[in-house]
Amino acid sequence: MPSYNLAIVGMGNVGRSLLRLLISKETDLRRRYDIRWRLTGVATRRTGWIADPDGLNPLAALHGHSLIQHGNTTQPRNLREWLEKTRADVLFEATSLNVKTGQPATEHLRTALELGAHAITANKGPIVHAYHELTALAKEKNRQFLFESTVMDGVPVFSMFPFGLPATDIRGFTGVLNSTTNVVLTEIEKGRSMEEAVKRAQAMGIAETDPTADLDGWDSAVKIVALAIVLMGVNVRLEQVQRTGIRELSEEKIRSVRAAGMRYKLVCRAERRGDGVDCSVQPEILLASDPLASLEASSSAIRFDLDVFGLSFVEHNPGVEATGYGLLADFLRAVRQ
Ligand SMILES: NC(=O)c1ccc[n+]([C@@H]2O[C@H](COP(=O)([O-])OP(=O)(O)OC[C@H]3O[C@@H](n4cnc5c(N)ncnc54)[C@H](OP(=O)(O)O)[C@@H]3O)[C@@H](O)[C@H]2O)c1
């Protein structure tokens, strides 16, 4: 029965939700897939690099307890040394998004692949800034670079296309792809202030500690670019996305639109034009009859316009475990190839 060494960098909402799922599904993974795992590395900004090739205590890692417990646990000085000490078969990257550079997440994934580990990320930055490089490196090393959880968490938007929809051409897509802003807009409709609504999204584990990327539309813009690069095969840059967030919307306006039977949603759009793709994200007032208008709280949805038919996905009210699930599903995809 194969056993895999797992290393996780980033132990916030997402890293912890992955670890919770790995623990709760441990027996299931063994029985159904003959897969065992061992947590050999954990790293965060505050705790630094922690490694133990014999295995760290996953419950201690989950609850933020000290992991420095016995002789083989070490605190390497840098990423490469850490990954070598963990003897990782798989690196999970769940650090904060840096929209401008995609770092240090890209460096984490690159080093993991160089050292022969599968590289799995919830962080969208590396797709926008280094998709082609990391994909080529993974191919050269006969390893997987996977990122399903970056858009709509566990919904298989990326992995569906090569196998489930071969030879289709995506002409464009429309969607609500950012859970935080959907929670915030829904809460403001109910009478909360913008600040209270953001706190609610943070308490749900959906908003990152710093919600700027969500509120200003950066998170949505990065998702649009990731989908366009990976699924539409175009080299769109982040600056080419017309981007407006929800910060400037007044609470009164949001509530009055709702009272009139319509809703504000932060809508993402991409449309093929010649060799390129026009991309935008902005708050739009939607009629009640629009399927996107019915999305509540953390729900998200996308409609793909294919050359052969239209296809929609709706993710109903995901919590942070949905993102953890996306990472877990990528783990199974990587090691069961
Ligand atoms: N939350 C969601 O629902 C969701 C959904 C899909 C994708 N994502 C993506 O998943 C990633 C993580 O999100 P999150 O909600 O878990 O964020 P979070 O709760 O803010 O946690 C971020 C984690 O990354 C660590 N970190 C940040 N910079 C680091 C660095 N340079 N080196 C090592 N560790 C570093 C932080 O360490 P410290 O705690 O020590 O600072 C923290 O453990 C982001 O890229 C986000 O865009 C999130």
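Reader: Is T121 buried or exposed?
Author: T121 has 0% relative accessibility, so it counts as buried. Bear in mind that this is a predicted model.

Reader: Which strand is T121 in?
Author: T121 sits in strand β5, residues 118–121.

Reader: What does the side chain of T121 reach?
Author: The backbone nitrogen of N123, at 2.8 Å.

Reader: And how do β4 and β5 pair?
Author: In the parallel sense, over four bridges. One place to look is V90, which stands opposite H118 of β5.

Reader: What covers β4, then? Which of its residues are buried on each side?
Author: β4 is covered on both faces. V90 and F92 are buried on one side, and L91 and E93 are buried on the other.

Reader: How many bridges link β1 and β4?
Author: Four, and the pairing is parallel; β1 covers residues 3–9 and β4 covers residues 90–93. A7 has L91 of β4 as its bridge partner, and V9 stands opposite E93 in β4.

Reader: What is the strand order of the sheet they belong to?
Author: β3-β2-β1-β4-β5-β6. It is an open sheet of six strands with mixed pairing.

Reader: Which strands stand at the edges there?
Author: β3 (48–51) and β6 (145–146). Each has a single partner strand, so one side of each has no neighbour in the sheet.

Reader: Changing topic. What is the order in the open sheet that has β7 in it?
Author: That one runs β8-β10-β9-β7-β11-β12. It is an open sheet of six strands, and its pairing is mixed. Its edge strands are β8 (242–243) and β12, each of which pairs on one side only.

Reader: How does β8 pair with β10?
Author: In the parallel sense, over two bridges, with β10 spanning residues 276–286. Q242 stands opposite S280 of β10.

Reader: What about β11, how many of its residues are buried?
Author: Five of the seven residues in β11 (residues 300–306) are buried, so the strand is largely enclosed by the rest of the structure.

Reader: Which sense do β7 and β11 pair in?
Author: Antiparallel, over six bridges; β7 is residues 170–176. V176 has A301 in β11 as its bridge partner.

Reader: And β11 with β12? How many bridges?
Author: Six, again in the antiparallel sense, with β12 at residues 310–315. D305 has G310 in β12 as its bridge partner.

Reader: What joins β11 to β12?
Author: A hairpin, through three residues.

Reader: Back to β7. Where does G175 belong, and is G175 buried or exposed?
Author: G175 is part of strand β7. With 0% relative accessibility, G175 counts as buried.

Reader: How many Å separate the C-alpha atoms of G175 and V14?
Author: 23 Å, and the two residues are 161 residues apart along the chain.

Reader: What lies 3.2 Å from an oxygen atom of the ligand?
Author: A polar side-chain atom of K124.

Reader: Where do backbone atoms come in? Take N13 and L97.
Author: For N13, a backbone N or O atom is 3.1 Å from an oxygen atom of the ligand. For L97, a polar backbone atom is 3.4 Å from a ligand oxygen atom.

Reader: How much of the ligand does the protein bury?
Author: 88% of the 910 Å² that the ligand exposes when taken alone.

Definitions and conventions: Residues numbered from 1 in each chain as written. Predicted model: local features only at pLDDT ≥ 70, side-chain atom pairs only at ≥ 80, totals over all residues. Heavy atoms only, no water. Polar contact = N/O pair within 3.5 Å; in protein donor to acceptor, adjacent residues only side chain to side chain. Areas by Shrake-Rupley, 256 points an atom, 1.4 Å probe, with all protein chains shown as cover. Buried < 20%, exposed > 50% of the residue type's maximum accessible area, 1.4 Å probe, protein only. Pairing = 2+ DSSP bridges.
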